[in-house]
Amino acid sequence: MEINKIIKLKINEEIENIKELKNTLNAWNIAKWKYRRNENFDLPSTLKASMKLFDKYNVSHLTFCETGFSLDFENNEVKLTSLEKYKRISLKIFEENMEYLKKEIENGAKPTMITVIPPSYKKGKHRRREIVRNSCWRLYITLKKNIELLTKEEFRKFQRIAIIGVDLNSKYGVAYSLWIWNTKENSMKPMRTRFLPKMKSHQFQEIEKWELQENHGSSVRCNELYQRINAKIQRQNKDWIEKISKMLIDIALKSIEEYNCEIAIISFEELKDYEAGNNSKKTNKKNTEWLRGKIIQRTFEKSLWNYSKKVITYLPTFNKNQKNLKQILIDSYNTSKICYRCGNYGKIGKGKNSFFICEKCGLITNKHYNASNNITKRTIEYLRKTNLSPILSC
């Protein structure tokens, strides 16, 4: 399996090289305009090859393909293709960035593409285009890494597995439960259930955004206040995604050392049939779906890139062929309504601190804790049923 990762480098500016880079960027912009009109344009062959990426991925900046650049770790330089033949534009990069890039390449990553980001550029489409200003020139290097996922035979050899069930809630935070599954003794033991910090609340911003949509209708996207609120919500969401994904991976790695486990599994719900409830009319449903999906995707990419043999995350993919452990789906049906101890339906309240009450076994707990325990339990049951463990019977 191939995974891509983008590393952002700052350029240590020099007058001559920046001038050459500006000329190359201007030639690239002219070539883009001619490319759209199917006209002939003069560019080096390496830059002509990157025009295909511009058409395929809608790249707006100067892009160098694999043969259009070279890395010099001794002098901390990145050499790019120049407009003149047999000449390169050498750009100096800070030592810390180059050392980090060198470590990633030594671990098996391969640089495939470099994108040049100028200090100021236009972002967006049509009327919503805005000028973005950065402090300096930047290079975005795309790394590609081939990762071998664990097979079923390798997974059957593990005896102690830490399973973390995650109940994602974009409004209040993330609840998780940690269980230890001993396949040799055929036992599963709940260890702890916690609630990770919620993200910075933007409920009032969502309400104001909803009111603007009601008043302006389809022309709301041209409203400056709407654009500022939307941009602020997106920045908060991206920041929360990075923090939560890092927290989940740290919890998985610590549980391996604390409970002497061989591997940790982070399991999520299947979000295919996710629907917002009746109480969230003033919140953006699409934003919630995007947030939940991105948390899973980011956690999956981070764990595979750095800890491919210690942490596995179950990414919901809709392929029914179970070729590897990546394609396992955890059913999300009534995870918050069913008691994880006895399986009976209970009563639940509204809000973050509402309780789940089971009249049959007397369980009283937070409804998000109950949901995370159900996800963890269903993960273990699914692994047993699909013959992924050495012991099949409960």
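**Stop 1**

Select Asn373 in helix α8, which covers residues 367-385. This is a predicted model, so read each stop as a feature of a prediction. Is Asn373 buried or exposed? Asn373 is buried, because its relative accessible area is 4% and the cut-off for buried is under 20%.

Now show the side chains around Asn373. Leaving aside residues up to four places away in sequence, Asn373 touches Ser177, Trp179, Thr193 and Tyr340. With one of these, the side chain of Asn373 makes a polar contact: the partner is the side chain of Trp179, at 2.9 Å.

**Stop 2: the aromatic pairs**

How many aromatic pairs does a search of the whole structure find? The search finds 2.

Select Phe155 and Phe158 for one of them. Their rings are edge-to-face, with 6.0 Å from centre to centre and 85° between the planes. Phe155 and Phe158 are both buried.

Where do the two partners sit in the chain? Trp179 is in strand β11, and Tyr340 is in the loop between β14 (311-313) and β15 (347-348). They are 161 residues apart, and the pair links distant parts of the chain. Trp179 and Tyr340 are both buried. Remember that Asn373 touches both Trp179 and Tyr340.

**Stop 3: two asparagines in loops**

Stay with β11 and move to the loop that joins β11 (173-182) to β12 (187-196). Select Asn186 there. Check its backbone: phi is positive, about 55°, although Asn186 is not a glycine. Most residues other than glycine have a negative phi. Asn186 counts as partly exposed, because its relative accessible area is 24%.

Next, select Asn260. Asn260 is in the loop between α6 (224-258) and β13 (263-267). Here too phi is positive, about 55°, in a residue that is not a glycine. Is Asn260 buried or exposed? Asn260 counts as exposed, because its relative accessibility is 60%.

**Stop 4: the open sheet**

Switch to a cartoon view. Find the open sheet of 7 strands and follow the order β2-β6-β9-β1-β5-β4-β3. The pairing is antiparallel. Which strands stand at the edges? They are β2 (62-64) and β3 (69-72). Each has a single partner strand, so one side of each is left without a neighbour in the sheet. On average, neighbouring strands of this sheet are turned by 30° against each other, direction ignored.

Zoom in on β1 (residues 2-12) and β5 (residues 88-93). This antiparallel pair is joined over 2 bridges. Select Asn12 and look across to β5: its bridge partner there is Lys92.

**Stop 5: the whole chain**

Zoom out. The chain has 8 helices and 17 strands. Of its 394 residues, 44% are buried. Colour the surface by atom type: the chain exposes about 22900 Å², and carbon and sulfur atoms supply 46% of that area. Among contacts between residues at least 6 apart in sequence, 61% join residues at least 24 apart.

How values were computed: Residues numbered from 1 in each chain as written. Predicted model: local features only at pLDDT ≥ 70, side-chain atom pairs only at ≥ 80, totals over all residues. Heavy atoms only, no water. Helix = DSSP H or I, 4+ residues; strand = E, 2+ residues; numbered from the N terminus. Buried < 20%, exposed > 50% of the residue type's maximum accessible area, 1.4 Å probe, protein only. Polar contact = N/O pair within 3.5 Å; in protein donor to acceptor, adjacent residues only side chain to side chain. Contact = heavy atoms within 4.5 Å. Pairing = 2+ DSSP bridges. Axes fitted to C-alpha atoms, helices over the stretch in contact; angles between N-to-C directions. Areas by Shrake-Rupley, 256 points an atom, 1.4 Å probe, with all protein chains shown as cover. Phe/Tyr/Trp six-rings, centres within 6.5 Å; stacked < 30°, edge-to-face > 60°.
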